[in-house]
Amino acid sequence: MKLIIAIIQPHKLEDVLQELDKKEIYLKTVSNVIGCGRQKGQTQVYRGRKETGNLLKKVRLEIAVNENYVEPTISAIVKAAKTGGIGDGKIFILNLEECVRIRTGEKGSVAIG
Amino acid sequence: MINSGDTAWVLISTALVMMMTAPGLAFFYGGLVRRKNVLATMMQSFFVLCLISIQWILWGYSLSFGPDKGHFIGSLAWFGLKGVGMAPNPDYAATIPHLLFMVYQMMFAVITPGLITGAFAERMKFSTYVIFTLLWATLVYDPVCHWVWGAGGWLRNMGVLDFAGGIVVHLSSGISALICALMLGKRRGYGREPMPPHNLPLVVLGAALLWFGWFGFNAGSALAANGLAVSAFIATNTAASAAALTWMAIEWKLAGKPTILGGATGAVAGLATVTPAAGFVSPISAMIIGIAASLVCYTAVAVVKLKLAYDDSLDAFGVHGVGGTVGALMTGLLAQKIINPAGNNGLLFGNIGQFKVQLIGVAATIVYAIVATFVLLKVLDALMGLRVTDEDEVVGLDITQHEESAYTLLD
């Protein structure tokens, strides 16, 4: 079991969700986050004062999958989230020790899908 | 003779109509768009208030209400308000200063192009919007306003009844909005991605402010603190309530649940529809107008728009264009001389001629607004481009057009 965490551009979320649907990966958690990578911050002007924030709005996806779904998940995210510009984001893949379905108490691979 | 009661009421009405554009329309439309576009959308309403206030003083009022030229447009004799002073102008309002009539009408000229912004929300280039608004007000609003309300205007001479601007304001802007939606094309991802309103409380606030301001719009159009103003006030409130109830009832029946967005939309549709009729109809007629408004506008917004697949983003055409048309025609059916001796009887009260005149007024305005808006957009498209770039649209207009954003994630 792996936990896949992807940080992507907010406007790419719809494309990524559609691509994941195509690969039949339906279970995920999505949150608004801010962060910074190599992309420079956005400039905004308030009453004449320019402010460049270091932190940018991003969207974080968390998807827990069994081994055979790891590659399809990664390729779906990369395909849909890539613009080729700086700031497209990153994907982190972590080993997942355990997973429990709260409703039934099931554990492990059965509980994940 | 200046009457102080009349003057006080029209002063207040002027401020009420100002409130319809910003904050009313700004909140109503601002809440309906996605969060990345809320400021840009509110900016369009705010900006039009400032821009047309100046245009109106310089040449707009003169073109609309100035000395008649060929029954089509006012002359520039009143450029910069030359000769428009404290003395009343009996052609328009015999008991209030001419200047007050001018500034009251200014607020109508302001909100009309503001209504159109609902059609091209979330994709119009701001610089083009500025030029479009200035030219549209001058080339479409001012002439149509002169036809219907200006002394010597050909529709006024013919006897077209438009109490507070069903034709002049809602029909002219609504039909132009449809042309804008068609010529700008759909928003990226329209029909493929969900585009839910980002803040419904703002929408409800905006709709309620519109309703509140509409008392100035319709009851103020009596241009006096008298029984006619009271009658128009009641017609306005009655139609808005009946329309909101009807819209929610349709939703309850067809979709299972009544929604606050449906109620707000229905109220605005009812208000737009009763506008031309407000000073000519009885409370019961206003109720019928409100019910008809929601039946027809709901069909336009929920059925026709989807079938024809144009992206009238915030339903400027579906509510104002369709509502204005229905209202102008229903005025031809339900108007009564008992309510307003200066008006006329409609078809249902034995005067077929009035309905024909209303039809001519509606048809002429539709044709003129379509042609003028089409040509104007073609020229602006060639000179400056109508839409923001695809990338700017994806990032959002707040950042790309104005370098600011409405909501932060932390703090």
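Q: How much area do chain A and chain B bury between them?
A: The size of an interface is often given as the accessible area lost when the parts come together. In this predicted model, chain A and chain B bury about 1200 Å² between them, and 53% of that area lies on carbon and sulfur atoms. Of the area that chain A buries against chain B, 33% is supplied by A:His11, A:Glu14 and A:Lys57, more than by any other three residues.

Q: How many residues of each chain are in contact?
A: On chain A there are 14, in contact with twelve residues of chain B.

Q: Which side chains meet in a salt bridge?
A: The count between the two chains is one salt bridge. The side chains of A:Asp15 and B:Arg192 form it, at 3.6 Å from N to O. Across the interface, two residue pairs are found in polar contact.

Q: Which elements of chain A give two or more residues to the side that touches chain B?
A: They are helix H1 (13-22), strand S2 (29-35) and strand S3 (43-46) of chain A. S3(A) gives the most, with four residues. The residues on this side of chain A divide into four nonpolar, six polar and four charged.

Q: Where does H1(B) bend?
A: The bend, about 35°, is at B:Gly24. Helix H1 of chain B covers residues 4-32 and reaches 41 Å from its first C-alpha to its last, close to the 42 Å expected at 1.5 Å a residue. At the start of H1(B), a side-chain oxygen of B:Asn3 comes to within 2.8 Å of the backbone nitrogen of B:Gly5.

Technical notes
Residues numbered from 1 in each chain as written. Chains lettered and ligands numbered in written order. Predicted model: local features only at pLDDT ≥ 70, side-chain atom pairs only at ≥ 80, totals over all residues. Heavy atoms only, no water. Expected span 1.5 Å × (residues − 1). Bend = angle between axes of the 7 residues up to and from the residue. Polar contact = N/O pair within 3.5 Å; in protein donor to acceptor, adjacent residues only side chain to side chain. Contact = heavy atoms within 4.5 Å. Buried area = accessible area lost by both parts, 1.4 Å probe. Salt bridge = Lys/Arg side-chain N within 4 Å of Asp/Glu carboxyl O. Nonpolar A, V, L, I, M, F, W, Y, C, P; charged D, E, K, R; others polar.
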